[in-house]
Amino acid sequence: MPFYYYFDPTYILVIIGAVICLLASARVKSTFRKYNRVRSMSGMTGAQAAERILQAAGIYDVSVQHVSGELTDHYDPRNKVLRLSDSTYASPSVAAVGVAAHECGHAIQHQKSYAPLSIRSAIVPVANFGSAIAWPLIIIGMFITSNTGTLLINIGILCFSLAVLFQLVTLPVEFNASSRAIRILGDTGILDSQELKSTRKVLGAAALTYVAGAAAAILQLLRLVLLFGGRNDD
């Protein structure tokens, strides 16, 4: 019966992935809040630090804007806009400056045509489509006992694999942006050596969320393969 698949031991993989993501999210939030109470010696806000970093990198066509929310910071390569959240934009903390520098790292990647970033941008539409269509195909295939059902499930798993690929390509992009941020903050003197240690902890915790997301996606893909990999034999 198709409903059998809703009650199987492979759910432990989903639970493990969810726990990993929750732990990573909790860590980044607690680490950010801790160092968001530490004012940088320069007194520069996240927005001011971003402006200075972009100018130092020779980037003058990227605007720095405010966006609502907590840790919703991101770089928009299409519109060349660096958006900083409530907790970053006007805050002079070492955490805020570090996050702002990380987003500047993405802008610098874009300027230099950093290969992993270009690859990630290219597969975004495909990954989004794959993520949206994967489960509908799998669920429909579960209710069809013929070869058509197996084909739909296999296509669904393939589509989900594209979303997993996006998660994996994201890792080097994020790690590289953080390493660029630390280097730039040190070279420009925006943060001193002691402050850089604190910023590394913030960015390191943030990096773990991407690792957790990739791990959870891989575990989910593994579950699908375990569930349906032997369907042809059946």
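A pocket here is an open set of grid points with protein on both sides within 12 Å along at least five of seven lines. I'm keeping that in mind while going through this predicted model.

**Entry 1, the largest pocket.** I looked up the volume first: the largest pocket comes to about 720 Å³. Its lining is made of 27 residues, and Asp73, His74, Glu103, Glu174 and Tyr210 are the ones nearest the centre. Then I checked which elements give two or more residues to that lining, and got helices H1 (11-35), H4 (94-111), H5 (115-142), H6 and H7 (193-228), plus strand E2 (74-76). H7 gives the most, with six residues. I also sorted the lining by class: 15 residues are nonpolar, six are polar and six are charged.

Next I went to the loop between strand E3 (81-84) and helix H3 (86-89), where Ser85 sits. Is Ser85 buried or exposed? Its relative accessible area is 0%, and the cut-off for buried is under 20%, so I put Ser85 down as buried. The side chain of Ser85 reaches the backbone nitrogen of Leu71 at 3.3 Å. Leaving aside neighbours within four places in sequence, I noted contacts from Ser85 to His66, Val67, Gly69, Glu70, Leu71, Thr72 and Asp73. Asp73 had already come up as one of the residues nearest the centre of the largest pocket.

Definitions and conventions: Residues numbered from 1 in each chain as written. Predicted model: local features only at pLDDT ≥ 70, side-chain atom pairs only at ≥ 80, totals over all residues. Heavy atoms only, no water. Helix = DSSP H or I, 4+ residues; strand = E, 2+ residues; numbered from the N terminus. Buried < 20%, exposed > 50% of the residue type's maximum accessible area, 1.4 Å probe, protein only. Polar contact = N/O pair within 3.5 Å; in protein donor to acceptor, adjacent residues only side chain to side chain. Contact = heavy atoms within 4.5 Å. 1 Å grid on protein atoms, 1.4 Å probe; cavity = no way out; pocket = protein on both sides within 12 Å on 5 of 7 lines; lining within 4 Å. Points joined across faces, edges and corners; volume = space filled by probe spheres on them. Nonpolar A, V, L, I, M, F, W, Y, C, P; charged D, E, K, R; others polar.
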